[in-house]
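Welcome! Take a look at the sequence and the 3D structure below, and then let us walk through some of the features together.

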Amino acid sequence: MFRILISDPLSEEGIHALQSTENVNIVIDIGLSPTELRDKISDFDALLVRSQTQVTRELIRNAPNLKIIGRAGVGVDNIDLNAATEHGIIVVNAPNGNTNSAAEHTMAMLMAMSRNIPQAYYALKNQQWERKKYLGVELKNKTLGIVGLGRIGTEVAYRAKGQRMNVMAYDPFLTEEKAEKMGIEYGAIEDVLKNADFITVHTPLLKETRHLINAEAFQLMKNGVQIVNCARGGIIDEDALYEAIISKKVAGAAMDVFEEEPFLDNKLLELPEVIATPHLGASTIEAQENVAIDVCQDIISFLTGGTVRNPVNLPSVPKDIMNKIEPYFNLAEKLGLFLIHLTQEVIEEVNIYYAGDLSEVEVAPITRNTVRGILKRHLGNHVNDVNALYLAEKKGITIHENKTSQAKGFTNLLKVEVKTKSDKRSVSGTLLNGLGARIVKVDHYSVDFTPAGHIVVIHHKDQPGVIGRMGSLLAQHQINIATMQVDRSDIGGDAIMMLTVDKHLEKDGLEELKALNEIYDVTAIDL
Ligand SMILES: NC(=O)C1=CN([C@@H]2O[C@H](COP(=O)(O)OP(=O)(O)OC[C@H]3O[C@@H](n4cnc5c(N)ncnc54)[C@H](O)[C@@H]3O)[C@@H](O)[C@H]2O)C=CC1
Ligand SMILES: O=C(O)C(=O)COP(=O)(O)O
């Protein structure tokens with residue numbers, strides 16, 4: 001049974017899809033305190049949240065069974081992504097479903113602010129007919145400065161053009177050409193701040209964007225500028241904004257998000273120039289249905305062994321590319337696992353060579369599977385796709401990917417090499433059309449066997465009688481040889497024997513084999 005805890009309000013539409021999935025048990029418990037959530041989480045495999053639940057390192061530490069965290073929305077700043085990655089927990093979000101709603105809310109806030117609608121309404125409710133006091137300004141022909149031109153920023157840009165505004169935007173990924181195509185103006189952040197009559201921020205909250213709009217930034221702005229934040233509390237420094245309003249630098253602020261949420265008391269709300277909503281950007285029926293359906297579909301994909309569409313702590317790979325590379329995942333993991341058994345010393349470096357067809361595809365997911373195989377022997381199932389590279393780095397192992405079109409006669413070839421202080425070992429494998437995976441090289445020896453089942457690797461001296469003696473010894477241990485491969489460096493020199501056998505070779509058999517004169521080393525590997 002796969003247990004899912006939903007700890008923030010989610011639209012029924014998404015939950016229905018989850019409910020109709022087999023072997024799923026859903027618990028909805030909204031408004032848990034951090035302590036209650038921590039006490040509850042240990043039994044759950046999945047956690048579904050919006051922006052309210054704080055998924056902290058401490059919570060994750062208390063969630064030994066947690067495999068996936070779903071965020072029904074965009075911002076994942078309420079989730080400790082590093083902690084999730086370290087614990088091998090995949091985080092998925094729903095980045096597209098609320099774009100439109102957030103853009104519409106931004107425009108609503110912009111217009112409400114420029115015409116003092118909330119203030120005038122409030123006055124009227126209090127029996128004050130105030131026409132003179134609430135003189136507004138038009139948007140037409142004014143410049144809207146957009147900081148962060150991603151999904152929502154872009155939608156806001158198009159809507160602002162509809163209001164006949166001039167739009168100037170800054171985004172690290174925005175080029176002058178792209179801006180021109182959109183019919184907007186490109187500017188460095190300073191240009192945007194200096195030239196805009198209205199400024200709206202649409203970045204994620206990151207280390208680099210925390211207090212991006214601070215006292216210094218306000219100094220650059222026009223006197224009487226008006227500012228909107230429907231992205232994340234903390235992008236604008238609230239203390240600096242307060243001061244900028246008091247000093248009349250800023251004539252108005254429209255805030256949907258705050259540094260501290262939820263709150264009942266925020267000094268910004270004491271200022272008549274500030275209008276506010278309690279984080280309502282994504283609060284529409286449509287957005288909530290969209291994000292709930294999207295995130296629940298990813299949970300179902302995860303559960304049923306499919307590919308998740310919106311991973312946050314793993315790069316997302318388009319489906320057509322995934323179809324090409326997925327068949328290599330098992331081979332990659334098996335090569336890694338095989339190789340780690342041949343290595344006695346601490347691994348310092350892993351080189352992965354992608355040759356032939358493999359040189360033309362996105363290989364990062366194959367690398368993760370290879371590294372997972374290498375680490376699995378000592379870290380067990382704790383290591384997965386999400387944390388494999390992180391754990392390798394933590395262990396001081398450097399990983400290099402190399403590509404070459406030369407595949408030594410194969411259409412595709414995956415070679416994995418590990419380096420230790422004094423040794424270097426390698427193994428190569430391929431996917432044969434219609435025949436599946438094969439290991440075709442171990443160090444410099446040519447072999448051909450399927451990477452599955454019980455394997456015995458014997459390094460020995462190329463001498464008459466070795467194979468016979470080894471065969472009888474295995475027979476004494478009731479071990480039946482299924483396949484056998486032999487290769488050597490030169491006549492009478494070092495040689496390798498690769499056996500696939502019908503059952504695991506136990507330690508006593510292994511020791512007896514090692515004790516035979518001409519045998520240098522024996523390794524039993526279960527793949
Ligand atoms: N108020 C609400 O209810 C909602 C808020 N949001 C928030 O809105 C924000 C934007 O969301 P999306 O547009 O979907 O994200 P997005 O990822 O599509 O766009 C963010 C953009 O910010 C840019 N950026 C990053 N650092 C920057 C910097 N230092 N200066 C300028 N640009 C920078 C990125 O390059 C990217 O293009 C997020 O913070 C999200 O959490 C989203 C939905 C609803
Ligand atoms: O998607 C986002 O980033 C949002 O801010 C929406 O937050 P919510 O899901 O409404 O708590």
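Helices (H or I, at least four residues) and strands (E, at least two) are DSSP runs, numbered from the N terminus. What you see is a predicted model, in which local features need pLDDT of at least 70, side-chain atom pairs count only at pLDDT 80 or more, and totals for chains, interfaces and linings use all residues. Residues are numbered from 1 along each chain as its sequence is written, while chains are lettered from A and ligands numbered from 1 in the order in which they are written.

**Backbone details**

- Lysine 248 has a phi near 70 degrees, which is a positive value in a residue other than glycine.
- Glutamate 261 and proline 262 are joined by a cis peptide bond, with omega at about -15 degrees.
- Proline 262 belongs to the loop between strand E11 (250-255) and strand E12 (274-276).

**Around the ligands**

- A residue is near a molecule if its C-beta atom, placed from the backbone, lies within 6 Å of it.
- There are 33 residues around ligand 1, and Gly75, Gly148, Gly150, Ile152 and Gly281 come nearest.
- H5 and H7 each give at least two residues to the shell around ligand 1, and H7 provides the largest share, 3 residues.
- The shell around ligand 1 divides into 16 nonpolar, 12 polar and 5 charged residues. Here Ala, Val, Leu, Ile, Met, Phe, Trp, Tyr, Cys and Pro count as nonpolar, Asp, Glu, Lys and Arg as charged, and the others, Gly among them, as polar.
- Around ligand 2 you will find residues including Arg50, Ser51, Gln52, Asn98 and His279. By class, this shell of ligand 2 has 3 nonpolar, 8 polar and 1 charged residues.

**Helices H5 and H7**

- Helix H5 (residues 99-114) and helix H7 (residues 151-162) pack at about 50 degrees, and their axes are 9 Å apart. Axes are lines fitted to C-alpha atoms, for helices over the stretch in contact, and angles run from 0 to 180 degrees between N-to-C directions.
- H5 and H7 are therefore oblique to each other. Angles under 35 degrees count as roughly parallel, over 145 as roughly antiparallel, 65 to 115 as roughly perpendicular and the rest as oblique.
- H5 and H7 cross in a right-handed way; a crossing is left-handed if the near helix is turned anticlockwise from the far one by less than a right angle, and right-handed if clockwise.
- Among the contact residues are Thr99, Ala103 and Met107 in H5, and Ile152, Glu155 and Arg159 in H7. Two residues are in contact if their C-beta atoms, placed from the backbone, lie within 7 Å.
- The contact of H5 with H7 is made up of 5 nonpolar, 3 polar and 3 charged residues.

**Helices H1 and H12**

- The axes of helix H1 (residues 12-19) and helix H12 (residues 285-303) come within 7 Å, crossing at roughly 20 degrees. H1 is therefore roughly parallel to H12.
- The crossing of H1 and H12 is right-handed.
- Their contact includes Ile15 and Leu18 of H1 and Ala292, Cys296 and Ile299 of H12. Its residues divide into 9 nonpolar, 2 polar and 2 charged.

**Helices H14 and H15**

- Helix H14 (residues 327-342) and helix H15 (residues 364-379) cross at roughly 35 degrees, with axes that come within 7 Å. This crossing is right-handed.
- By class, the contact of H14 with H15 has 10 nonpolar, 5 polar and 5 charged residues.

**An annotated span**

- The UniProt annotation "domain: ACT", from an unreviewed entry, covers residues 455-527. UniProt positions are given in the numbering used here, feature names are shortened, and annotations may be inferred rather than shown by experiment.
- Residues 455-527 are 27% helix and 42% strand, and the end C-alpha atoms of this span lie 8 Å apart.
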